[in-house]
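I want the sheets, then the helices on them, then the cores.

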Amino acid sequence: MSEELIFRFNVDGDDFTSAGQASVQVKKNLRQLGIDAETIRRVSVAMYEGEINMVIHAGGGVAEVRVTDEYIEIVLDDHGPGIKNIEEAMKAGFSTAPDTIRSLGFGAGMGLPNMKRYTDEMHITSTVGVGTKIVMRVNI
Amino acid sequence: MTVEGLTKIIDCSALTMPDPEAEVTGAYIGDLLSWVMGRASEGDAWITIMSNVNTVAVATLTGVSCIILAEGVTLDDEVLSTAKNKGVNVLSTVMSAYDCAVALNGVLR
Ligand SMILES: Nc1ncnc2c1ncn2[C@@H]1O[C@H](COP(=O)(O)OP(=O)(O)OP(=O)(O)O)[C@@H](O)[C@H]1O
Ligand SMILES: [Mg+2]
């Protein structure tokens, strides 16, 4: 593939029944492009965690996935409350998820650590009261 | 061992089995979705008591061969039809997660 491909999704903020659908769609698209299984797995994990975080913590946002010859880039952009202390949020086990969310199986505080672990690069920029932007890359 | 083969050997019932030929290659137990997301391997039978639509999404994305709901947990119809549409096998057993894993071990090794 010589051209760059871009997939763009609006992630709905208050619909738990469709949460994760953008990630499921991306997985399907990457399969059709013939991307190898391990790369697809890494992108799926990182994107799902980021997508769910936007739903749970930020009231939704926009997800964009760019596929080039060298890497797959996932950009998640929201206008949620922002992350006060990114270092703390990155720690395994740290979570501010409320009980209602925990009862659905979320809130282990493992999402951001998973995103870090499964990508080659991850950058978070966040401003309290403005929003959060996360850029991740998985090299092919 | 295929998922369909599994349903004939261990004490469980298939709530939906859209992909009966999926190969069961291991097992993972967990209810916290981010742990499962990060640790379950493709082909695993995922033993859990967490049964909502997010369980189905995680199963799709990890590529587990089936979800096994332990302790007699079931799924409501809406989630079940989502699983069916997404090609996710869902089994239910009255066994505990531990007993289910022991039974699986006997079959997989
Ligand atoms: N997009 C976001 N906007 C605002 N806060 C966020 C966002 N993403 C993460 N956070 C904050 O960082 C914390 C840690 O996130 P992480 O994904 O690691 O865990 P979690 O979502 O709470 O639980 P889990 O992902 O294991 O279900 C969250 O509890 C939340 O406080
Ligand atoms: Mg999370």
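Predicted model: local features only at pLDDT ≥ 70, side-chain atom pairs only at ≥ 80, totals over all residues.

Started with chain B. I found an open sheet of five strands in the order β1-β5-β4-β3-β2 (chain B), and the pairing is mixed.

On average, neighbouring strands here are turned by 30° against each other, ignoring direction.

Three bridges join β1(B) to β5 (residues 90-92) of chain B, and the two run antiparallel. I noted one pair: B:A14 has B:L91 as its bridge partner in β5(B).

Then the helices on that sheet. α3(B) packs on it and touches β3 (44-48) and β4 (66-69) of chain B, with a direction about 160° from that of β3(B).

I placed B:E71 in the loop between β4 and α4 (77-86) of chain B.

Moved to chain A. There is an open sheet of five strands here too, ordered β1-β2-β3-β5-β4 (chain A), with antiparallel pairing. Its edge strands are β1 (5-12) and β4 (121-127) of chain A, each pairing on one side only. The twist from one strand to the next averages 10°.

How many bridges join β3 (residues 71-78) of chain A to β5 (residues 131-139) of chain A? I count eight, and these strands run antiparallel. In β5(A), A:N139 is the bridge partner of A:Y71.

Helices on this sheet: α1 (residues 21-32) of chain A packs on the sheet and touches β1, β2 (60-67) and β3 of chain A, making about 160° with the direction of β1(A). α2(A) lies across β1, β2, β3 and β5 of chain A, at about 5° to β3(A).

Next, where the chains meet. I looked at α2(A) against α3 (residues 53-62) of chain B: the axes come within 9 Å and cross at roughly 155°. Anything over 145 counts as roughly antiparallel, so α2(A) is roughly antiparallel to α3(B). On the α2(A) side the contact is made by A:R41, A:S44 and A:Y48, and on the α3(B) side by B:N54, B:A57, B:V58, B:L61 and B:T62. Sorted by class, that contact has four nonpolar, three polar and one charged residues.

Nonpolar side chains tend to be buried together in soluble globular proteins. The largest nonpolar core has 59 residues, and those with the most contacts inside it are A:L30, A:M47, A:Y48, A:M136 and B:W46. Which helix gives the most to this core? I find α2 (residues 37-58) of chain A, with ten residues. Another core lies apart from it, with 16 residues, including B:I10, B:A22, B:L104 and B:V107.

I followed up on A:M136. Leaving out residues up to four places away in sequence, A:M136 touches A:A46, A:I72, A:E73, A:I74, A:L76, A:M115, A:T119, A:E121 and A:M122.

Key:
Residues numbered from 1 in each chain as written. Chains lettered and ligands numbered in written order. Heavy atoms only, no water. Core = buried A, V, L, I, M, F, W, Y, C linked by side-chain atoms within 4.5 Å. Buried < 20%, exposed > 50% of the residue type's maximum accessible area, 1.4 Å probe, protein only. Helix = DSSP H or I, 4+ residues; strand = E, 2+ residues; numbered from the N terminus. Contact = heavy atoms within 4.5 Å. Axes fitted to C-alpha atoms, helices over the stretch in contact; angles between N-to-C directions. Parallel < 35°, antiparallel > 145°, perpendicular 65-115°, else oblique. Nonpolar A, V, L, I, M, F, W, Y, C, P; charged D, E, K, R; others polar. Pairing = 2+ DSSP bridges.
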